Amino acid sequence: MWDYTDKVKEHFFNPRNAGPLAEANATGEVGSIQCGDALRLMLKVDPASDRILDASFQTFGCGSAIASSSALTEIIKGMTLDEALKVSNQDIAQFLDGLPPEKMHCSVMGREALQAAIANYRGEAWEDDHQEGELICKCYAIDSALIEQVVRDNALSTLEQVTHYTKAGGACAACHEKIEEVLLRTLAAQAGTPPPSAAARPEAPPPAPAAAPRPALTNLQRMRRIEEVIDSVRPMLRRDHGDIEVVEIIGKNIYVNLQGACMGCAMEAATLGGIQQKLFEALGEFVRLLPASQLETSRQPLHAD
Amino acid sequence: MQPIYFDNNATTACDPAVVAAMLPFFSEQFGNASSIHSFGNRVGQAVAAARSQIAALLGAEHDSEIIFTAGGTESDNTAILSALKAFPERREIITTAVEHHAVLALCDQLEKEGYVVHRLKVDRRGRLDLEEYKTLLSERVAIASVMWANNESGTIFPVEEMAACAHAAGVQFHTDAVQAVGKLPIDLRRTRIDMLSLSGHKLHAPKGIGVLYLRRGARFRPLLRGGQQERGRRPGTENAPAIVGLGLAAALAARHLETENTHVRHLRDKLERGILARVPNAFPTGDLDNRLPNTSSIAFEYVEGEAILLLLNKLGIAASSGSACTSGSLEPSHVMRAMGIPYTAAHGTIRFSLSRYNTLAEVERVIEAVPPIIAQLRRISPYWNAERNAPANAEFTPAYA
């Protein structure tokens, strides 16, 4: 049986705000075809203040789907619609003191029902862009759909790269066979190119061809390019509720602040490693990506690069 | 309140007599069955006696046809991989869409390695189409592997007839009989079955012990290589305590076969009728006239299985579900999907599996417990209209991700 927290059990056995809401003026109905869960979220919104006066739900789903729905209604009551839209599925999971990784999709469904209900109230069309695949990495709750997308978007070709970019496989390593399968499948599907061996160890970066060295960048070009790379990885970090900011560039050392959920994450080093690899490719030179906390210590002596 | 255990297809309680029989083999009877001295000899004799008890339960012609393994999964894997090694020019496998994962996951893997896997479909009652099966048998097929009885619906497959067809076509036949042994009469010497898997913990023996029956003369290649234990067919020092326990459990199962088909069947029928009479929009799944005597699989429409199990568990009642959410995968049970059960019902399928240790009083308590749980979950289900106490039908049309 699942290792549900006491809070999940409490909200499952005694769900808050369950059942129809007579005075509802906003309704969101969503379902997940894969896991078969379905949820109707009903809101009573005060038209003058846009504030959610009351909320209730009806859910077809497992224990954590019901508990997530109950938690969602408790979280959003009293919020304005704009405040409610900022509620993430992590917020729902945190409210419940955590959910098993297999069950995170239950909290995603709650957030989608909320978006659908608010769109319904505002007379907007709501389209679900959420995709869910087979759960691959149980340590970090990463599914195949996310891996496929990141592999395609970033032209990844090795298991190690997938771990750097998504965290999948970065902890217990039990899912490495599955990751390689997803990787091979995705690569094979891409434009008929033959899949390179996903099992290959990361090779030493190809030496820059000596015949045609890259033209040296000016300092300004170089800084802009670094910013571009950082901007390109930002959506990935934001998906995990984190962010990144460049603090200083000293020679070959680039100092960044990881923010939000990225702070203190077990995969911080791997995340930095992945971004460093991208910088390396974009700049055509070796650089080191370091946490800004190391900036102070490096400033005192002349940097010895 | 005494807990009620209605999940015997998942695992069974070890019989107290079995536990008692095993205990000496953890202490004074610690010898290695292969050793020549008296320490080993006594253990060797106990293992031989257990082998005979299991051969008797299965109706095997020779005791040497019994190979001890670590369980049903190992036996299934050994059987199928053996056939592929023994007939390397044959690249096809026949199985069914509703096998246990021990067979299906292996077949999925073999498919990736280039083998052709035929998965026989089932109809709405979980029955196979024997005509489809017969047309697939050919000299390209290394092995046909078909379960004797399904673990979720309890549906029994005509494996004796299918084994005869396979034999006529020169194809080895294996059956995963993990759910059938001890519940159905089995007399292997009168069949054409080449290999059969059984698991100790499904018949009141401990976990971690199983058997692969291998008909004398059937081509075989071992999964593991090592010493001469089990005549080299399954090397590794014998798990003597568990083997002794399984031997006694087999003897007890033979003695209680009648009980399973009278007392247990009666309890199961009473349970199923009692629940269906009290809960609307619920139906039993599987081949009702031809299923295990201990198993009842009931689909409760518009509610989800894990939620039902959590509420049952609160009342001390243990059952299991074909639902996605209890297994860690997102999909509902492959067995329910293969039978074409709609999603909203497949997710609410609960399996009650009884044993000879269950009582009428327990059945009555479960009949009382289930209806309020289903009603409670339907009250908060968007697929259910609480006011009319009926399905919501077109009133709920969620946007699906």
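This is a predicted model: local features need pLDDT of at least 70, side-chain atom pairs count only at pLDDT 80 or more; totals for chains, interfaces and linings use all residues.
# Notebook: salt bridges, sheets and a chain contact

I started with B:Asp108, which is partly exposed at a relative accessible area of 34%. B:Arg119 is also in that class, at 27%. My classes are buried under 20% relative accessible area, exposed over 50% and partly exposed in between, with a 1.4 Å probe and protein chains only. The two side chains make a salt bridge with the closest N and O atoms 2.9 Å apart. B:Asp108 sits in helix α4 of chain B and B:Arg119 in strand β4 of chain B, so the bridge ties together parts 11 residues apart in sequence. For a salt bridge I required a side-chain nitrogen of Lys or Arg within 4 Å of a carboxyl oxygen of Asp or Glu. Helices (H or I, at least four residues) and strands (E, at least two) are DSSP runs numbered from the N terminus.

Residues are numbered from 1 along each chain as its sequence is written, chains are lettered from A and ligands numbered from 1 in the order in which they are written, and side-chain values use heavy atoms, with hydrogens and water left out.

A:Glu134 is in the loop between α5 and β4 (135-137) of chain A and A:Lys178 in helix α8 (residues 176-189) of chain A, so parts 44 residues apart in sequence are tied together. Here A:Glu134 is partly exposed at 45%, and A:Lys178 partly exposed at 35%. I also noted a salt-bridge network of A:Asp231, A:Arg234, A:Arg238 and A:Asp243.

Seven strands make an open, mixed sheet in the order β2-β8-β7-β6-β5-β3-β4 of chain B. β2 and β4 (116-120) of chain B are at the edges with a single partner strand each, so one side of each has no neighbour in the sheet. The twist averages 20 degrees from one strand to the next. I call strands paired if DSSP finds at least two bridges between them. β2(B) and β8 (residues 210-214) of chain B are antiparallel over four bridges, and B:Ile66 has B:Tyr213 as its bridge partner in β8(B). β6 (residues 172-176) and β7 (residues 195-199) of chain B pair parallel over three bridges. From β2(B), B:Ile66 and B:Phe68 point one way, B:Ile67 and B:Thr69 the other, and all are buried. α4(B) lies across β3 (92-96), β4 and β5 (141-145) of chain B, at about 145 degrees to β4(B). Axes are lines fitted to C-alpha atoms, for helices over the stretch in contact, and angles run from 0 to 180 degrees between N-to-C directions.

Is B:Ser75 buried or exposed? It counts as buried, at 0% relative accessibility. I found B:Ser75 in helix α3 (residues 72-86) of chain B. Leaving out residues up to four places away in sequence, B:Ser75 touches several residues, including B:Thr69, B:Ser197 and B:Gly210; contact means heavy atoms within 4.5 Å. Its side chain reaches the backbone oxygen of B:Val211 at 3.0 Å.

Chain B gives 34 residues to the contact and chain A gives 37. They bury about 2,800 Å² between them, 65% of it on carbon and sulfur atoms; buried area is the accessible area (1.4 Å probe) that two parts lose on being put together, summed over both. Two salt bridges cross the interface, and A:Lys103 bridges B:Glu306 at 2.6 Å between the closest N and O atoms. I also looked at the sheet that the chains share: four strands in the order β3(A)-β2(A)-β1(A)-β16(B), open and mixed. β1 (residues 26-31) of chain A and β16(B) run parallel, joined by two bridges, and A:Val30 has B:Ala399 as its bridge partner.

Definitions and conventions. A polar contact is a pair of N or O atoms within 3.5 Å; within protein, one must be able to donate a hydrogen and the other to accept it, and residues adjacent in sequence count only if both atoms are side-chain atoms.
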